[in-house]
Amino acid sequence: MATFPFEISAREGKARTGRLKTPRGDIRTPAFMPVGTAGTVKALYMDQVQGAGADIILGNTYHLMLRPGAERVQRLGGLHKFSGWSGPMLTDSGGFQVWSLAQLRKMDADGVTFQSHIDGSTHRLTPARSIEIQADLLGADISMQLDECTNFPCTHEEAERSLALSLKWGERSLDAFGARDAQTLFGIIQGSNFPDLRERSAKGVTAQGFGGIALGGLAVGEGHDQMCATIDMTMPHLPDHMPRYVMGVGKPIDLVESVARGIDMFDCVLPTRSGRHGQAWTWDGPLNLNNAKFAEDTSPLDPVINCPASQVYSRAYLHHLFKAGEYLGPMLLSWHNTAFFQALMAEMRAAIAEGRFEALRATLSAGWENTKSKPKAES
């Protein structure tokens with residue numbers, strides 16, 4: 001298995017910036033990966049995604065194995081060629097999506113059997129099959145081990161059993177992945193919000209010899225404060241030289257606070273999901289373009305962000321598009337949000353390099369305080 005060179009060029013506190021060097025190009029860190037669920041970042045062309053500043057995108061194993069089918073993607077040249085993305089690509093293992101199918105899956109020690117949400121057909125996902133789909137059929141540059149995403153909240157006993165299973169599946173994922181020159185595999189830490197289990201999982205995953213380490217079991221309803229606490233309890237047990245990835249995160253405030261804690265990589269559907277529903281993310285917080293107050297607002301979303309959707313179109317026009325049900329509205333807001341998230345990552349990279357990250361963090365965190373997610377029981 002290749003271990004991609006990871007060069008850290010600057011630090012401020014625990015925050016760090018650098019480059020993860022892959023055969024398909026460098027990934028500037030901290031990095032936000034737009035999510036290409038079914039081989040597309042929804043409502044965007046790939047050149048728009050690249051032009052927005054993304055170095056890497058994410059593909060979804062679960063959705064692609066069901067439609068159009070991983071074997072078909074391979075026959076069509078692999079996911080890079082199929083989708084028109086030439087840069088690095090990370091694929092998830094399918095475990096999170098299968099976990100979310102609570103009524104349609106059956107777990108056992110060797111894998112999970114589940115029913116498709118599309119047509120009810122039965123499928124089997126094991127560590128070896130997940131690796132085959134990701135690395136061999138889709139052709140991901142970075143694959144993820146198959147793990148069991150732990151429910152939140154859960155008991156200590158449930159979290160302990162789950163992390164033990166994920167550690168076993170990690171070993172089996174590594175065995176299936178084998179020796180590769182141009183692809184790598186990341187392991188996943190579980191343990192819910194229990195410090196002793198996070199420590200055990202972190203040390204276990206680190207010892208297994210992956211090319212990077214992800215923090216799993218987040219973005220499952222724990223809320224912003226618990227997310228930060230879970231990162232805090234995990235980070236002391238991670239090696240400094242490996243890239244660290246928080247899966248499924250998140251809102252801009254989540255990204256800033258995670259970077260402050262030493263996280264390097266992120267993914268989330270939020271930019272395009274928000275865009276499809278009329279929400280634009282800005283330096284001043286989210287805007288709901290469906291709101292009548294924008295009906296005659298001639299200002300652009302953000303004249304500083306280097307994106308036509310941010311600079312050219314007025315808020316009044318975007319408001320009109322959503323009220324009229326025009327396709328262009330979700331397309332433009334998805335484009336803007338994608339560019340905004342990349343601009344945020346670029347600003348954090350520059351701030352770390354210039355020694356002003358803590359000042360930037362204080363300013364952004366104060367402005368975005370009311371966007372912090374609450375635990376799902378309190379929502």
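Predicted model: local features only at pLDDT ≥ 70, side-chain atom pairs only at ≥ 80, totals over all residues.
User: Why is Thr 371 called buried?

Analyst: Buried means under 20% relative accessible area, exposed means over 50%, and partly exposed lies in between, with a 1.4 Å probe and protein chains only. Thr 371 has a relative accessible area of 8%, so the term applies. Thr 371 is found in the segment after helix H15 (357–367). Helices (H or I, at least four residues) and strands (E, at least two) are DSSP runs numbered from the N terminus.

User: Which residues does Thr 371 touch, leaving out those up to four places away in sequence?

Analyst: They are Lys 251, Ile 253, Trp 281 and Pro 286. Contact here means heavy atoms within 4.5 Å.

User: What makes Pro 252 buried?

Analyst: Its relative accessible area is 0%, so Pro 252 counts as buried. Pro 252 lies in helix H10 (residues 252–260). Among the residues it touches beyond four places in sequence are Trp 281 and Trp 368. The C-alpha atoms of Pro 252 and Trp 368 are 8.0 Å apart, although 116 residues separate the two in sequence.

User: How do you know that the residues listed as "active site" gather at one spot?

Analyst: The UniProt record, an unreviewed entry, lists Asp 92 and Asp 267 under that name. They span 176 residues in sequence, yet no two of their C-alpha atoms are more than 10.3 Å apart, so they gather at one spot. Both Asp 92 and Asp 267 belong to the lining of the largest pocket. A pocket, on a 1 Å grid over the protein atoms alone, is an open set of points with protein on both sides within 12 Å along at least five of seven lines; a cavity is a set where a 1.4 Å probe fits but cannot get out, and lining residues have an atom within 4 Å of a point. UniProt positions follow the numbering used here, feature names are shortened, and annotations may be inferred rather than shown by experiment.

User: Are Asp 92 and Asp 267 buried or exposed?

Analyst: Asp 92, at 10% relative accessibility, counts as buried. Asp 267 is buried too, with a relative accessible area of 8%. Asp 92 lies in the loop between strand S6 (89–91) and helix H5 (95–100), whereas Asp 267 is found in strand S14 (residues 265–268). Leu 58 is one of the residues that Asp 92 touches, and Leu 58 is also among the contacts of Asp 267. A polar contact of 2.6 Å joins the side chains of Asp 267 and Tyr 245.

User: What makes S1 and S2 a pair of strands?

Analyst: Two strands pair if DSSP finds at least two bridges between them. S1 and S2 pair in the antiparallel sense over six bridges, and Arg 11 has Arg 16 in S2 as its bridge partner. Five bridges join strand S2 (residues 15–22) to S3, again antiparallel. One of these links Lys 21 to Asp 26 in S3, and another links Leu 20 to Ile 27 in S3.

User: Why do S1 and S3 stand at the edges?

Analyst: The open sheet has three strands in the order S1-S2-S3. Strand S1 (6–12) and strand S3 (25–29) each have a single partner strand, so one side of each is left without a neighbour in the sheet. S2 is mostly covered, with six of its eight residues buried. S1 and S2 form a hairpin with two residues between them, and Gly 13 in the turn has a positive phi of about 60 degrees. S2 and S3 likewise form a hairpin with two residues between them.

Methods: Residues numbered from 1 in each chain as written. Heavy atoms only, no water. Polar contact = N/O pair within 3.5 Å; in protein donor to acceptor, adjacent residues only side chain to side chain.
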